[in-house]
Amino acid sequence: MNKIWLVIKREYLTRVRNRTFILSTILLPLFFIGFIFASAYFSATSMEKQKVAVSDSNGIFKNSFQSSDLITYEFPPGVTADNFKEKGYSAFLKIPDDYNSSSDSIALISTKQLGMDAEDKIRDQINTAIRNQAFLRNNIDKKILDSINNVDEDRLYNFRTIVKQGNKTEKSNAALSYGIGYGSGFLIYITLFIYGAAVMRGVMEEKMNRIAEVIISSVRPFQLMLGKILGIAAVGITQLLIWIVLIVLLSSVSASFFSADALQHAQAMNGMRAAANSSAAANFMNARNVFLSANWGLIIPCFLFYFIGGYLFYASLFAAVGSVVNEDPQEAQSLMLPITMPIILSFVIMATAVGKPDSPIAVWGSIIPFSSPIVMMARIPSGNVPGWQILVSMLSLVIGFILTTMLAAKIYRTGILLYGKKVTFKEMGKWLFRKA
Amino acid sequence: MPILELQNLKKYYATQKAVDDISFSIPEGCIFGLLGPNGAGKTTLLRMITGIFYPDSGEIFFEGKKFNPTDDIAKIGYMPEERGLYKKMKIGEQALYLAQLKGMNRHDAMKKIKEWFVKFEMESWWNKKVNDLSKGMGQKLQFVTTVLHNPKLLILDEPFSGLDPVNSNLIKDEIFKLAKNGTTIIFSTHRMEQVEEICDRIVLVNKGKKILDGSVSQVKDDFKEHIFRVGFDELPAEFESNSFEILNTRGNFLNVKIKDGNKPAQVLQEFLDHKAPINSFNEVLPSLNDIFIKQVSHINNEKI
């Protein structure tokens, strides 16, 4: 036990002290957050202020266009498509004389592209104006119309979905569970590959450097394998925790930094309700509440369980592959195939399961240990996975990883000392059933 | 009491009998040579003694008790033929790690490492990585990590390969010192001149079987061909002899083979009878190299 601990410590420390680990662990969330905020910031600030000259001889739009911080509408006489630039306008909106919305077209003329956002906003103004005029033509009271237009959709009504199961009702939000399910399934899928490959490379390194024989004259091969697997698991958990802490920290810091101003810009970008006086803070709180409505008390422990369980299930198999590889990296590729196939297949099942969490393939996929770590995480956020299924799935995953570890250890102990010979799957099969 | 005793060890692979019923014992404190050509089964044998492999059948006794790898490997130091170290790990940390794996605590390990590093003039290497060392330096480090925990049984597989004569001697001296202090050493090699110089006892294996076992002098004695080298002031005239035949002449020396049933004294007497001016008379013992080649090729021929 003490020796496994020494191996774990070495595996952990050499990796955590490695420069690439430090860089990737710290830079990735920085990069991630930075990317989100930079793109939000740039798209918000890069929107130049536009002054649009509108030629509206019939005066249809004169009273309905509302200037905002970014776009000002003016209705100067004598400005044409040829001279709007000299008169200090960035664009010219030409409404045809005797405008008829079904046959005439409105032209927006500018010397350079205004950009999607600006164009959207101008069209939005036109849409609203035309719709309003249609209402007014049909004798709808202007006061009523204004009061309807000024209502924020989100405050007009509340919407929630409820899933009834027996006598138990739960709040649920389909989009949210889809997002969480897909996100966590994907994360487990990626980490299986990243840390699985790390285990394989570690084993290959020990074999190539011929240190394996020195070490296993001091510790049992199984202890060496398990120590490596657990050490790298600890690295993975460390990395995950640092990422979570950094992302939470950075996003709250940068959220307060950008605060109201940037958020408003970002919102303005969304176009739709920008003009309406909904406050950014209210929206933010709203999103937060929806986010918190997910059953995190179940999701987080399950995620950790399947993250670790899935890793343990596959890591020993990666170790076994690493132990039989000789100098040739090509060999590793083909030997890895039987491991990567079920992982990729799990991902495909997960993509279906996230949309139909109760379909038979999703249920089976979430119970069989080969795919359960990825598929079950796609189902759990939906909130209607029966408790017994979670239990059976977890139990079979535990039994599964104990089995794979035992089998892999048999291949590992032979493979790690075998040099210069290409090992076939048939031979590995023989090793499985041979007494030490 | 022998420190190590092997009884009828067998280890078969799918295609060959790597170790086929080998028994021998190693007395405590001796330097023991395990000899054999490539592929004879030496490495498999050593891996069973170090607990890396389990024998298919047969027993190993360590210090009189049945060998229990989990506990006993702490008392064994093993330097495999193919040297191995973590290339990217610092040398000091690496030595510490390997010592701790052998069950030493951190404090004792550090003390020992410092002692050995001073002895081998390696103090300045502590923070270097193995990648930065030359092959010979790596060898020295490998030797140090093998003996750090004061093993009672030290197994060295070709310890001098890749070392220059200066470092070879350095390590050879340490081996003698360790043996003097009671460490038993198994020395596996196919370089016979080193065996004659270093070993007390030898076992010769070939094709998984033991073909020779005994002290170096005993083995040489067993394989002597009753050849004597006789020196003269001046070569005597040839004469018919009943007790010996002349194999060849080398300057003022004759190599003679005593015929069966005769004694060296009779040979001497015969020369003296012929008034030959003898100035030296020595038995020529076969070198281990000759015995090795003869035995191995003998067996190989038999098989064919």
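Helix α10 (residues 296-324) of chain A packs against helix α13 (residues 372-379) of chain A, with axes that come within 9 Å and cross at roughly 165°. Axes here are lines fitted to C-alpha atoms, for helices over the stretch in contact, and angles run from 0 to 180 degrees between N-to-C directions. The angle makes α10(A) roughly antiparallel to α13(A); angles under 35 degrees count as roughly parallel, over 145 as roughly antiparallel, 65 to 115 as roughly perpendicular and the rest as oblique. This is a predicted model, in which local features need pLDDT of at least 70 and side-chain atom pairs count only at pLDDT 80 or more, while totals for chains, interfaces and linings use all residues. Residues are numbered from 1 along each chain as its sequence is written, and chains are lettered from A and ligands numbered from 1 in the order in which they are written. Helices (H or I, at least four residues) and strands (E, at least two) are DSSP runs, numbered from the N terminus.

α10(A) passes α13(A) in a left-handed crossing, meaning that the near helix is turned anticlockwise from the far one by less than a right angle (right-handed if clockwise). On the α10(A) side the contact is made by C302(A), F303(A), Y306(A), G309(A), G310(A) and F313(A), and on the α13(A) side by P373(A), I374(A), M376(A) and M377(A). Two residues are in contact if their C-beta atoms, placed from the backbone, lie within 7 Å. By class, eight of these residues are nonpolar, two polar and none charged. Ala, Val, Leu, Ile, Met, Phe, Trp, Tyr, Cys and Pro count as nonpolar, Asp, Glu, Lys and Arg as charged, and the others, Gly among them, as polar.

α10(A) also meets helix α14 (residues 387-415) of chain A, where the axes come within 8 Å and cross at roughly 15°. That makes α10(A) roughly parallel to α14(A), and the crossing is left-handed. Residues in this contact include G309(A) and F313(A) of α10(A) and G400(A) and F401(A) of α14(A). The contact has 14 nonpolar, seven polar and no charged residues.

Between the chains, 17 residues of chain B are in contact with 16 residues of chain A. Helix α3 (residues 91-101) of chain B gives the largest share of the chain B side, three residues. That side has ten nonpolar, three polar and four charged residues.

Chain B also has backbone angles to note. Phi of N8(B), a residue other than glycine, is positive, near 50°; N8(B) lies in strand β1 (residues 2-12) of chain B.
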